[in-house]
Amino acid sequence: MLFLWILGILVLLLLLICLLRIRILVEADQAVTLNLRIGPIIRQLYPTIKKNEPKPEKQSNGTEKKRTIPKPTVSDLRDAYYALKPAVIKALCRTRRSIRIYPLDITVILGGRTDPAETAETYGYSSAAVWTVMPALEQLLTIPDPRIHLDMDFEAEKTRLHGSVGVDIRIGALLMIALGAAIPAIRWLFKYMKKPNNATKQPLSDSAA
């Protein structure tokens, strides 16, 4: 009898946790800030708030080598997209538009002073991606008022980003999506890590086939 009571309490706690909502708000103006809210708890994830405690310095003898993760190319990102797309869409359909994105107000101005041709190419790909992805997302997610603006500035060297994006999702729906995409994501990651190093890969600026 005691076991049933404990099991019932655990099931109830798990249900309550799954019903909790997570809200992530990303704001970009002069700097980017990332805030996370879980129920009544709010925490700033980026930039991290530094404490006034001095950190001990680690001495290195110069023999340690840092292991770096290869930078993904356009081909790698395309493979990840096609590998994860069916599983993620299936999981999102199960959540029945329980994910809410609000606000969605983004302005991206691509700086093209260094390489105008590459900037124009990036602008074309970005515009095509927005017009292709957004209608599909609006069928799977709740997006009350999407506002995405892309532009180019051939007199600026750096890309400027302004706006804010908020994502509201229940923990249960997040777990459902994560479990649905876990196996395809692991398969793609193993395949990606087995590839040769960056020297044999095409750069990110290469156009996708």
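Two residues are in contact when they have heavy atoms within 4.5 Å of each other. Among contacts in this chain between residues at least 6 apart in sequence, 78% join residues at least 24 apart. Before you click on, a note: this is a predicted model, where local features need pLDDT of at least 70, side-chain atom pairs count only at pLDDT 80 or more, and totals for chains, interfaces and linings use all residues. Residues are numbered from 1 along each chain as its sequence is written, and side-chain values use heavy atoms, with hydrogens and water left out.

**Stop one: the whole chain.** Starting at the N terminus, they run α-β-β-β-α-β-α-β-β-α. Of the 209 residues, 20% are buried (buried is under 20% relative accessible area, exposed over 50%, partly exposed in between, with a 1.4 Å probe and protein chains only).

**Stop two: the core.** Select Leu92, Ile99, Leu104, Leu141, Ile143, Ile169 and Ile177, the residues with the most contacts inside the largest nonpolar core, which has 18 residues. Such a core is a set of buried Ala, Val, Leu, Ile, Met, Phe, Trp, Tyr and Cys residues joined through side-chain atoms within 4.5 Å. Now colour α2 (74-95), β4 (100-111), α3 (116-140) and α4 (171-193), the elements that each give two or more residues to this core. The largest share, 5 residues, comes from β4. Zoom in on Ile99: beyond its neighbours within four places in sequence, it is in contact with Leu92, Leu141, Thr142, Val167, Asp168, Ile169 and Ile177.

The disulfide count is 0, taking a disulfide as a pair of cysteine sulfur atoms within 2.5 Å.

**Stop four: a pocket.** Select Tyr123, Ser127, Val130, Trp131, Met134, Pro135, Glu138, Pro146, Arg147, Ile148 and Leu150, which line the second largest pocket. A pocket here is an open set of points on a 1 Å grid over the protein atoms alone, where a 1.4 Å probe fits, with protein on both sides within 12 Å along at least five of seven lines; lining residues have an atom within 4 Å of a point. α3 gives the most to the lining, with 7 residues.

Note on methods:
Helix = DSSP H or I, 4+ residues; strand = E, 2+ residues; numbered from the N terminus.
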